[in-house]
Amino acid sequence: MASENIYMIGISNRVREILKKQANSVIGRGRLQKRMVVLYYNMKAILDLRKPSHYVLDYQKIISGKRHFFIDEFYRANGFYGIGHVIRRYSGYRKKINACIEHGMYWGDYYLEFEAKNSGLNGMITFGKGRRSVLEKEADVPVYTIGPYINYAKCLLSEKEQDKLKKEWGDTLLIFPTHSVENLQADFDENSFLEWIESFRKEHRYQTVLICLYYKDILLGRDQKYKEKGYKIVTAGYLYDPLFLDRLNTFLELADYTLSNFVGTHLCYCVAKGKGHTIYNQEVSLNAFVSDEKTDYPQDSTGELERKLKDIFSDYEKVPLKRQEEIIDFWCGMGETKSRTELLEILESLESKRFGLR
């Protein structure tokens, strides 16, 4: 994700600095730089003759499709996971979004300086008041909360198609393994995780398991072990795929319960969709790639917030508990989801402001 899409907390400061520098060089700080970066990558998208994939459940066809996607934004990172696309589609806003959108949930006080300061755009958009309180201390532009972005996504299957699959699959688990990103590879004990999934499935009598893998891990061959267990592999697609969030929303609609082995944005989305969630607590090592060479870095000590989240999501509950909803509401803004009119007003107000234009 141009090295900045880090959903995981606890990444070492040294790794963060490496990724920040790479992101600065790729994305740039000012408005003109952002426009030039978007133009460069849109030219690559035009020259990419492979067709974008409109598949939903065939993960191999999804990742064999187009790898460069046209981004109609001032800030290229607003195209991450199709977030800018779904926000504009939902609101009916026809112009480029004049703000930096936080593309994932950074739990705690971490933020991307080049989004908060001297970005060349007129604002920041994030999830909930927890994130807003962090950003307002640093940002030189207003910060707007719009809640979990999944609430603006569509389901890509008709009700009839959903009903058919639910009857065929029975009770379904949706699993989010810790994922790698463009310059960071996540490693963990897959065998231990698989044993836990299978034990959980049997104990709670789930018939079908969906493993949602990030495309990077599929390219690393990490789908194989899950397939050998008879699990179904799904993927939301490439980083800039405009259907990414729609696919993820579709998987959540099909699922009865969700599992993971890390603290990430998926917690916001699962709770927003009313899905119970359990986190398997296991060690994850993060390996940064610098000039195509792998460098091992130890993970930072687990933060208090991460420990708290792992604790309150450690048990099996069919639907989110009140204490789970409260902490997710604070960070992810469960009550901050906007109507079409409200969201359109925010986006239009950002375009009309005169400060921050550089």
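Trainee: In which helix is the place of His 266?

Mentor: Keep in mind that this is a predicted model. His 266 belongs to a helix that spans residues 266-272. That element is helix 12.

Trainee: Is His 266 buried or exposed?

Mentor: Buried means a relative accessible area under 20%. The relative accessibility of His 266 is 7%, so this residue counts as buried.

Trainee: Which residues does His 266 touch, leaving out those up to four places away in sequence?

Mentor: With those sequence neighbours set aside, we can look at the contacts of this buried residue. His 266 touches Phe 176, Ser 260 and His 277.

Trainee: Let's step back to the whole chain. How many helices and strands does the protein chain have?

Mentor: Helix 12, where we began, is one of the helices of this chain. Taken over the protein chain, the count is 15 helices and eleven strands.

Trainee: What percentage of the residues of the protein chain count as buried?

Mentor: His 266 gave us one example of a buried residue. The protein chain has 358 residues, and the accessible surface comes to about 15,600 Å². Of those residues, the share that counts as buried is 58%.

Trainee: What is the bridge partner of Met 124 in strand 3?

Mentor: Strand 2 covers residues 124-126 and runs parallel to strand 3. Three bridges join these two strands. In strand 3, the partner of Met 124 is Val 143.

Trainee: On to charged side chains. How many salt bridges does a search of the whole structure find?

Mentor: One of them joins Asp 72 and Arg 88, with the closest N and O atoms 3.8 Å apart. The search of the whole structure finds 15.

Trainee: Where do Asp 72 and Arg 88 lie, and how many residues apart are they?

Mentor: Asp 72 sits in the loop between helix 3 (59-63) and helix 4 (83-91), while Arg 88 is in helix 4. This pair links distant parts of the chain, with a separation of 16 residues.

Trainee: Which residues are linked with Asp 72 in a network of salt bridges?

Mentor: Asp 72 counts as partly exposed, at 31% relative accessibility. Arg 88 counts as buried, at 14%. The network links Asp 72 with Glu 73, Arg 88 and Lys 96.

Trainee: What is the N to O distance in the salt bridge of Arg 201 and Glu 198?

Mentor: Both residues lie in helix 8 (residues 190-204), three residues apart, about one turn of the helix. Arg 201 and Glu 198 are also buried. Their side chains meet with an N to O distance of 2.7 Å.

Trainee: Which helix holds both Glu 306 and Lys 310?

Mentor: The side chains of this pair meet in a salt bridge of 3.4 Å, N to O. Glu 306 counts as buried at 7% relative accessibility, and Lys 310 counts as buried at 12%. They are four residues apart, about one turn, in helix 13.

Conventions: Residues numbered from 1 in each chain as written. Predicted model: local features only at pLDDT ≥ 70, side-chain atom pairs only at ≥ 80, totals over all residues. Heavy atoms only, no water. Buried < 20%, exposed > 50% of the residue type's maximum accessible area, 1.4 Å probe, protein only. Areas by Shrake-Rupley, 256 points an atom, 1.4 Å probe, with all protein chains shown as cover. Pairing = 2+ DSSP bridges. Salt bridge = Lys/Arg side-chain N within 4 Å of Asp/Glu carboxyl O. Contact = heavy atoms within 4.5 Å.
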